[in-house]
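Please look at the model first, and then read each answer beside it.

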Amino acid sequence: MRALTVMPMKEGSFTVTDVEEPVPGEGELLVDGLALGVCGTDREIASGEYGWAPPGEDRLILGHESLGRVREAPPGSGFAAGDLVAGIVRRPDPVPCPACERGEFDMCRNGRYTERGIKELHGYGAERWTVEADYAVRVDPALERVGVLMEPTTVVAKAWDHIERIGSRSWFDPARVLVVGPGPIGLLAALLGAQRGLEVHVLGRRASGVKPDLVRDLGAVYHAGGLPHVAREVEPDVIVEATGVPRVMADTLGATAPGGIVCLTGVSTPGHKVEIDAGAVIRELVLENDVVFGTVNANKRHYEMAADALARADLSWLERLITRRLPIDRAAEALEPGRDDVKVVVELDS
């Protein structure tokens, strides 16, 4: 069967190649791969920036944004042949740490977790794959064309889960959210904000195009401009930052209304220095009881939240998030971002 593979830490090693058929172990599902979403993490691994192959192997099967159809399921697993599923990305560390022991493996404390398609476990970028039944999440059959959005939706489901948990430290009744960056994570964060009945604002760079249209069709307000000006105008109770641009991330600090929450989902690269008035920022954070936190990955609870959010969303809007679909033999093209891309998907059954 064919799979998308790389030699981690080696630039130019990406290829679609034949690999051995997977054999399900005890309690595992055998799944026919349908689609694979491609994100910045995949591009960074393919460019040799990081990534870890399974122990004793040279190559890693890429892919963590999965969608497949169950071919075989063990008795008592809760799944049956024909079910649509997504596979959870992270696995707890073998010790385990106290967080992993309680199922909160997205909050692993010692860094010994593993991740499908990223760290020491083969990913879902293959025509067939296996997954433990406990790490599979059922996808509504109506979402077959867009169910591959499950994993990025889990990222923002966790973000909103933690925003609301932090907010519960005191009276918390947010009215406005400002999402910074109209990429897949930003747009999905805006969707979940709209589902919560908030007034949603999204900040991007371009005044027109696919992304501004998606924002407006969600019923949200799109802004093109500098973050400080927009934040003063909007006075958001919550900011979800989804660009990973250091200057933009720095501008979010202290930019909320009093008692506000800033959630950082973007991952920046080291080496970018930004000048800020640290005294003024810290003073405002302290005097206004503001909170700034970062989030990455998701646990099973967030996958279930994501499945519910996608099932309640407008299907035609979700379909427009996927701006390019490529057959598996053209998967290399998915690693090159296009100007108007939102989400690029590789169709594994093509």
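This is a predicted model: local features need pLDDT of at least 70, side-chain atom pairs count only at pLDDT 80 or more; totals for chains, interfaces and linings use all residues.

Q: Why is the pair of phenylalanine 105 and tyrosine 135 called tilted?
A: Rings of Phe, Tyr and Trp (its six-membered ring) pair if their centres lie within 6.5 Å, and planes under 30 degrees apart count as stacked, over 60 as edge-to-face and the rest as tilted. The structure holds 3 aromatic pairs. In the pair of phenylalanine 105 and tyrosine 135 the centres are 5.9 Å apart and the planes make an angle of 50°, and therefore the pair is tilted. This pair links distant parts of the chain, with phenylalanine 105 in the loop between α2 (98-101) and β8 (114-116) and tyrosine 135 in the loop between β10 (128-132) and β11 (136-138), 30 residues apart. The helices (H or I, at least four residues) and strands (E, at least two) in such names are DSSP runs, numbered from the N terminus.

Q: How do you know whether phenylalanine 105 and tyrosine 135 are buried or exposed?
A: A residue is buried under 20% relative accessible area, exposed over 50%, and partly exposed in between (1.4 Å probe, protein chains only). Phenylalanine 105 has a relative accessible area of 5%, so this residue is buried. Tyrosine 135, at 18% relative accessibility, therefore counts as buried too.

Q: What makes the pair of tyrosine 124 and tryptophan 129 edge-to-face?
A: The ring centres of tyrosine 124 and tryptophan 129 are 4.6 Å apart and their planes stand at 65°, so the pair is edge-to-face. Both tyrosine 124 and tryptophan 129 are buried.

Q: How do you know that a charge sits over the ring of tyrosine 113?
A: The rule asks for NZ of Lys or CZ of Arg within 6 Å of the ring centre and within 35 degrees of the ring normal. The charged end of lysine 119 sits over the ring of tyrosine 113, at 4.7 Å from its centre, and arginine 90 lies over the face of tyrosine 113, at 3.5 Å from the ring centre.

Q: Why is valine 267 called exposed, and where does valine 267 lie?
A: Valine 267 has a relative accessible area of 69%, and so this residue is exposed. Its place is in the loop between β16 (261-264) and α8 (278-287).

Q: What makes strand β3 mostly covered, and with which strands does β3 pair?
A: Strand β3 (residues 28-38) has 9 of its 11 residues buried. Two strands pair if DSSP finds at least two bridges between them. There are 5 bridges between β3 and β10, which run antiparallel, and leucine 30 stands opposite threonine 130 in β10. A further neighbour is strand β5 (residues 65-72), joined to β3 by 7 bridges in an antiparallel arrangement. Strand β19 (residues 343-347) is also antiparallel to β3, with 4 bridges, and there glutamate 347 is the bridge partner of alanine 35.

Q: What is noted about phi in asparagine 289 and asparagine 297, and which is buried or exposed?
A: Asparagine 289 has a positive phi of about 55° although it is not a glycine, and asparagine 297, also not a glycine, has a positive phi of about 65°. With a relative accessible area of 51%, asparagine 289 is exposed, whereas asparagine 297, at 9%, is buried.

Q: Which peptide bond is cis?
A: A cis peptide bond joins valine 95 and proline 96, with omega of about -15°. Proline 96 lies in the loop between β7 (90-91) and α2.

Terms used: Residues are numbered from 1 along each chain as its sequence is written. Side-chain values use heavy atoms; hydrogens and water are left out.
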